Structure formats: structure tokens, C-alpha cells
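This report covers charged pairs and aromatic contacts. The sequence and model come first.

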Amino acid sequence: MTVSFDVVVVGAGLAGLQMLHQAREAGLSVRVFEAGAGPGGTWYWNRYPGARCDVESLEYSYQFSEELQQEWEWTRRYASQPEILRYVDHVVERFDLDRDIQYDTPVAALTYDEPACRWTVRTEAGDEVVARFVVLAAGCLSSVNMPDIPGRETFSGEILHTARWPHEPVELSGKRVGVVGTGSSGVQVIPAIAEEAKELYVFQRTAAYTLPARDQPLDPGLQAAVKADYAGFRARNNAMATAGLSRYPTNPSSVFLVSAAEREAAFEYFWGLGGPLLLRSFGDLMSDAAANELVADFIRGKIRRIVKDPGVAELLSPKQPVGCKRVCVGTGYYETFNRPHVRLVDVASAPIEEITPDGMRTAAGTHGLDTIVFATGFDAMTGALLGIDIRGRDALPLKDVWADGPRTYLGLGVPGFPNLFTMTGPGSPSVLTNMLVAIHQHATWIGDCLKYLADHGIAAIEATPEAEEAWGLRVNEVAGRTLFPSCDSWYLGANIPGKKRVFMPFVGFPAYAQTCAEVAAGGYQGFALTRTGT
Ligand code: NA7
């Protein structure tokens, strides 16, 4: 007999874990399928040396339980990967989540049975369960991008990817290591590997803006003050465009209204605050290309002062607008290039051509390597979803519906796919915010929705094509007012060869959350609801 659940959740990362909790709170039976051997998603897989969250720990945490947020003590301004995994384990234990999670179980296919209003969920092992609802919490940055470089199989040393880092320690001391990629993962792993490796070659295609994290032990006084009114702290953060960092100043005025000296002073002040706060120094940095160029130039000046070799400093200086690719937050990144055993290899002018048995060949020459580390990112936002064979009404494949890019209503539902919810999906703020806030908003919204459907005898909920169409226009219209779509980023899918270029996340958390709340309050406007027996 096929086992049946009210809800199946795909993924036991931070989104899936909260969704499990919310669905239980709504009185529903739940099964979570997780590909990894343990919980934590991003923090389970990305175990590379130096891995650390670039959102402050007091904010990168769950807010669904006052007891949880009171009892957990963070140790640093930014939590390391092991600390977050300890937090995840604590949450799993505290809320007894494990009994509903099946690990080592990637989901292969989801098929909708329209007459029954049920999904059949098939795992890669071939097991099947049925569920009234499916929530996809498979991760925005979980489908690994491994570049297809010829000769990989011939390499005699070890090939690693930051997002599939082994559980056992990796021996790098005395080795010649090559790192490909200089996004957020590269910026974290490069200084850590430089501590151990005999020689380090950094293969850079596009320089990224790296802002100093200014990580430090968390001030116990600050932690206590936040805990004294955690609800207020959360509410203030949720009102920010990026859903966070409300305790820092924001200057909404134009950079063009001040003198050059005042501008520099403001940039210096916000640079000194650390993390992405520099982008808060003026209100038009992310909407006006000329304003953005001023802050870009300020950062390039910093790079020139830190990096001793002018040629290397020039190569490390990004050309694209600041923030159109996600800014990196690092510790000692630029300083690493002053170390004598670290070499920057420009693979924009001389691309990687081949991996040989003992190294990497670019158009400019060969570098002997013992280990190659790919920090080449992810097929973001859609990769994990399209990795599952999802078929909706009339056996419609999601991959066909999304052939020209993802289309959703609120990043929560897709026409033709009833009773299927995407958490932090394309069309929602997700990666442009503190993910934990985005997760909280989606998990509570979906949890409330499931309860509403049960209370009102509704068997199926499905986004309407009209609502999806209108939402797609709004996502584009809001993004069009910013500089986000102005360079080849993973927000646009531009990092994956052949992927359709569509700006995927929604810009502006508070407006989004308000729209979702209004949709729910209005009886789920934009969704077609089918009553039981109709
Ligand atoms: P990112 O930000 O996508 O960075 C990937 C890096 O790898 C980036 O520098 C890419 O250069 C580079 N890359 C990708 N493919 C290649 C090839 N074939 N050759 C050379 N270089 C390549 O991924 P991360 O893991 O660092 O960060 C992802 C997010 O995770 C991050 O934003 C945070 O939200 C957490 P490119 O820029 O494409 O020229």
C-alpha cells in the first residue's frame, strides 16, 4: 500500500526544517526527503575551509520560536559553517524534527494526479509516496556548477568543489593548489587555503567586489540587548528592503548632493562598518550608474592601497557595477595576494583550455597542480527544481513551462502545478535578502495557507495564468529600476551556459511581504481554489 502524507517537503535545509515545523503546527502529517545524510542544506554541503555566513548571526537565525532565539548563544558577528551546523542540529533536536525526515533520499520525480488532487513523489531509489501538497525547499544555491573543462578525468591529483567539500579533513599542506572562481565561496576559501598550501594559483575570470567583513567575537552586551526585544529587532529588520541590518544607519540621500570630501568621508565610515553596509552610504548607489561608479572607484582605490603589486591590484579591480553581482564579504582576501606563494592567474584574457594529468593549461601556459578546487558556484534558483522531473496537470513538465525562464506567481506557485509550493523560488526576494527572513515569511505564509485550505474544505490551489503574467511584469519592472540586471550574474542565470537570461529574484522585501499578506487576507487572490467534491 502506498504511504500517504498531507505534505511532502523536498529538502531539509533551513527552509525545509521550518516548513516541517509550520506544517506540523497546522496539524498536518509531513514527510521531508533530503538528499544529504544530515540536515542543514547549504551548511551541510559547503564545508570548505573558511566557510562562514555573510549575514550577521543575530539575524541569520530562526524567529518562529521565542524560546529558541532566547536560548541560543552566537559566538561571532558572522557564524562559521560549523557553528551554523551546530545550531541546525540543536533546532532539529529541540523540535524533534528528525522523526519526519528521510535522509540520503534525493527526490527524482513529482507527478500530479488531477482527479485525486494528489502528488506522487518518487525517490531516486524508486520508492513512492503520495501527498496532497508538495513544498519544494530544495535550495536556491544547491545545484552545483561544475564547469565542463576538457581533461578533468585525466587529472592525477584531487578535484574538489567548495559546495561538495569532503567530510574528512583535506590535506593541502605542502601542495600546489589551484582555485577556480572568485565569487563569495572563492573569496572565503582562498585566504584559508593560502594558510596551508605550498603554492596557490587563483584562476580569476571576473574580479568581484570584496568588502571587509570585520568579523569579531559577538559582544555579549549586544546579544543581550537584542534578546531583550528580539521581536522588535525582527520587526525592524523585516521593514528593511534587504530584510536586515536595521541597527545600522542608512543614508537615503543622493551621492551627488555632497562634496567630494563629504562623499569620501561617508564611504570611509560605511566601509568601516563592514559587510555590505557600504552600499547604504547613499540612496542612489544601486539605481544610478554614475553614482555606482563613484563607490566602485572608492573600492578600487582600497584595492590599490592593499595590494602591493600594481598589476595584480589592477587585475583584482572589478569593472562591473558594484552589487549587480552579489558583493562578497571577506577577511584578508586582497591581502592574500601579497603573499609570495599566491599567484593570480587571469583567465579572462587567457581562458582555461584543459586540465592535464598534472595541472591546468590556460591559453597563456600550464600551471602544475596537486589539487584543484572549483569555487564555481551554482545553477541558482532553478537548478535544484529542474533537477526533479516535475509534471503537473496533463503531465505538463515544469522544464517545458520554464524553457524561456522561470515564471511564477509570487515565487510561490506555478499555473498548471496545483498544490505545489516553491519556497524562496524565482519571483520572490529570497537571495536578495537575509535568507532566514525570506524562509520565515514563506514557511509561515504556506503554513497559514495549508490551514486555510483544510479549514475551508479546499482540495486544490493553483496560481492563475493571469496572476503569474502580472507578477512576472512586476518582477521585471521593479528590477528594471535598479542596476541589478546590468551584468552577467547568477541572478540572471548568466553563469550557466545556455540558461535563459531572466532576472529571477524580486527586489524589495517589505513590499513583497505586504503583497503576500494581502493576497492571503483576500482569500488567496490570484490562486484558483477547488473545493472538495467540485
Ligand atoms: P559565484 O558567485 O557564482 O562565483 C563563481 C565564480 O566562479 C565566479 O568568479 C565565476 O566567474 C567563476 N567561474 C565559474 N565558471 C568558471 C569557469 N568555467 N572558468 C573560470 N571561472 C569560472 O558562486 P559562489 O559559490 O562563490 O557564491 C554563490 C553564492 O553563494 C554567493 O553569492 C552567496 O550568496 C553564497 P564569472 O563571474 O562567472 O566570470
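A salt bridge is a side-chain nitrogen of Lys or Arg within 4 Å of a carboxyl oxygen of Asp or Glu. The model examined here is predicted. By this rule the count comes to 31 salt bridges. Three of them are listed below, among them the pair of Arg501 and Asp488.

| Salt bridge | N to O distance |
|---|---|
| Arg501 and Asp488 | 2.7 Å |
| Lys227 and Glu73 | 2.7 Å |
| Glu56 and Arg77 | 3.0 Å |

Arg501 and Asp488 both lie in the loop between helix 15 (465-480) and helix 16 (509-521), 13 residues apart. Arg501 is partly exposed at 46% relative accessible area. Asp488 is partly exposed at 45%.

Lys227 sits in helix 6 (residues 220-228), and Glu73 in the loop between helix 3 and helix 4, 154 residues apart. Lys227 is buried at 9% relative accessibility. Glu73, at 48%, is partly exposed.

Glu56 is in the loop between helix 2 (42-45) and helix 3 (66-71), and Arg77 is in the loop between helix 3 and helix 4 (81-94), so their pair ties together parts 21 residues apart in sequence. Glu56 is buried at 3%. Arg77 is buried at 7%.

Salt bridges also link Arg24, Asp96, Arg99 and Asp100 in a network.

Now the rings. The whole structure holds 28 aromatic pairs. One of them joins Trp72 and Trp74 edge-to-face, 5.7 Å centre to centre with 70 degrees between the planes. Both Trp72 and Trp74 are buried.

The charged end of Arg164 is 4.1 Å from the ring centre of Trp45. For Arg47 over Tyr44, the distance is 4.8 Å.

Key: Residues are numbered from 1 along each chain as its sequence is written. This is a predicted model: local features need pLDDT of at least 70, side-chain atom pairs count only at pLDDT 80 or more; totals for chains, interfaces and linings use all residues. Side-chain values use heavy atoms; hydrogens and water are left out. Rings of Phe, Tyr and Trp (its six-membered ring) pair if their centres lie within 6.5 Å; planes under 30 degrees apart count as stacked, over 60 as edge-to-face and the rest as tilted. Buried means under 20% relative accessible area, exposed over 50%, partly exposed in between (1.4 Å probe, protein chains only). A charge sits over a ring if NZ of Lys or CZ of Arg is within 6 Å of the ring centre and within 35 degrees of the ring normal. Helices (H or I, at least four residues) and strands (E, at least two) are DSSP runs, numbered from the N terminus.
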